[in-house]
Amino acid sequence: MPDSSTRVAAEAARRRTFAIISHPDAGKTTLTEKLLLFGGAIQMAGSVKGRKAARHATSDWMALEKERGISVTSSVMQFPYAGRIVNLLDTPGHADFGEDTYRVLTAVDSALMVIDVAKGVEERTIKLMEVCRMRDTPIMTFINKLDREGKEPIDLLDEVESVLGIQCAPVTWPIGMGQRLKGVVHLVSGEVHLYEPGRNFTRQDSTIFASLDDPQVEARIGSDMLAHLRDELELVQGASHAFDAEAYLAGRQTPVFFGSAVNNFGVQPLLDFFVEHAPSPQPHETTTRDVAPAEGELTGFVFKIQANMDPQHRDRVAFMRVCSGHFSAGMKAFHVRTAKEVKLANALTFMASDRELAVEAWPGDVIGIHNHGTISIGDTFTEGEPLAFTGIPNFAPELFRRARLRDPLKLKQLQKGLAQLSEEGATQFFKPMMSNDLILGAVGVLQFDVVAYRLKDEYGVDAAFEPVGVATARWVKCADARKLEEFRDKNAVNLSIDAAGELVYLAPTRINLQLTEERWPDVELRATREHA
Ligand code: GDP
């Protein structure tokens, strides 16, 4: 039964679904902890990392992450704040995982960019920003580590504007920095939030004065600093932009906040502003029509698959972003790609305290669906309408290796492992039509190590990856069945089947690809496979 759309609209309107983007070490994990603290989800800061480790305690998998200093697991955290429900989708941290991150960003309505005050705009931030720009994702900015010396705030705004090409609208402004950090001024409310080392650690509010004119402010920060601050603010207000909700929502302007995540300072003004101004769930495009969040029937798409979250159960969890309607535990949904009705039993929600069985979910929420490999990234679920959400591409990998098995008796496990791991989306698996090779494609070199490690750890298979003569991959599409048949016959040596059963042309060289494209004008060789 479809839900009343007023209820759905109301629930959608209070959702805020976002991701944090940053260069490694800027403070994403620390800020996440503090945000959860405000959501009342965890008692003590410092437990995000602990929680991650605990979840994988039965597996060595985290050892690889630690060794490499990277985080390849990502998760969803939900917490209530000020009458809203905030969904924070974690993005994998390492540069090699760009594709995963890309897909997470298709499932959010806005993003929060964290910048280290000393380092400014770093390379990974630039890349992530490009991805956000493709979809005009609204972005707020948090400039972190104000308790340390860093670049001049004015210079930082300049850097963001020139390097990232987005207008800055400072919402808070720092009073001093490093040893001299005294607080921030809220440029919209006029409030002064004092920085008191040691006191901002916990959830309690910092000392707040209504305005700079409060005589106590002068007493606390000193008359020299106050005079300097007033001059600076005049300059800033002349040189920067005032907050403009429309420009922010269009992705042209970023509101900027200053603070120190580890000291829990400047985080609350950010969160308050975020829940008030960040967009609620937006309409999503499908191949046939746009789906509005307030529609009564459940729709959603899968943006991530994680295998073996619980090594004992060998389960796979498909992460589905709800786009419209209402999910309730045990309901049936239509899996569009397979045209089958499936019961969504045992779906998970992601309250920050733990993974929990989902009772209900609304637009903007993410649910985890257990499955045994029947669900793929990009799949759409509805209550019967054959929709297909667009915009979740599978990129052509740029690096290829042939899997070499040390124990030939383990071929079955190897195939199974490669197929399952590639469903998570970071690697792609190809079976050539004319040989018994198993070829793995990836966007980054590190992926091969990760796969080798996980094959051993989770499937008990000892495999190595060796170079293979493949330059690039193209998904083959052709409306004319006879032409396609002919293409298959003539090019069988270079054709493979991917894990989803799609036909793929593995070109030995770029020149070969070019010649093939010229020779077969009616056959489309696509660099991405749109999940549909
Ligand atoms: P991530 O890689 O972006 O998740 O960064 P982390 O949150 O792990 O932080 C990287 C390092 O910076 C850690 O050692 C943090 O303790 C430290 N850090 C985070 N926020 C602050 C801050 O406000 N001030 C200072 N001085 N250090 C911070």
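# A tour from the ligand to the strands

The shell around the ligand holds four nonpolar, eight polar and five charged residues. Here Ala, Val, Leu, Ile, Met, Phe, Trp, Tyr, Cys and Pro count as nonpolar, Asp, Glu, Lys and Arg as charged, and the others, Gly among them, as polar. The model is predicted: local features need pLDDT of at least 70, side-chain atom pairs count only at pLDDT 80 or more, and totals for chains, interfaces and linings use all residues. Residues are numbered from 1 along each chain as its sequence is written.

**Stop 1: the ligand.** Select Lys28, Thr29, Thr30, Ser260 and Val262. Of the 17 residues around the ligand, these come nearest. A residue is near a molecule or strand if its C-beta atom, placed from the backbone, lies within 6 Å of it. Which helix gives the largest share of the shell? Helix 2 (residues 28–38) does, with three residues. Helices (H or I, at least four residues) and strands (E, at least two) are DSSP runs, numbered from the N terminus.

**Stop 2: helix 1.** Select residues 5–13. Val8, Glu11 and Ala12 are buried here; that takes 20 or more other C-beta atoms within 10 Å of a residue's own, while exposed takes 12 or fewer and partly exposed lies in between, with C-beta atoms placed from the backbone. Look down the axis of helix 1: its buried residues fall within an arc of 100°, so they line one face. The arc is that of the directions from the helix axis to the C-beta atoms. Thr6 and Ala10 are exposed, on the face turned away from the buried side.

**Stop 3: strand 1.** What do the buried residues of helix 1 pack against? Strand 1 (15–22). Contact means C-beta atoms, placed from the backbone, within 7 Å. Eight of the eight residues of strand 1 are buried. Colour its two sides. Arg15, Thr17, Ala19 and Ile21 lie on one, and Arg16, Phe18, Ile20 and Ser22 on the other. In a regular strand, side chains alternate between the two faces of the sheet.

Strand 1 pairs in the parallel sense with strand 3 (residues 84–89) over five bridges; pairing needs at least two bridges found by DSSP. Arg16 stands opposite Val86 in strand 3. Five bridges also join strand 1 to strand 4 (residues 110–116), again parallel. There, Ile20 stands opposite Leu112.

Stop 4: Four bridges join strand 7 to strand 8 (residues 183–186). Finish at Pro174, opposite Val184 in strand 8.

Conventions: Two residues are in contact if their C-beta atoms, placed from the backbone, lie within 7 Å.
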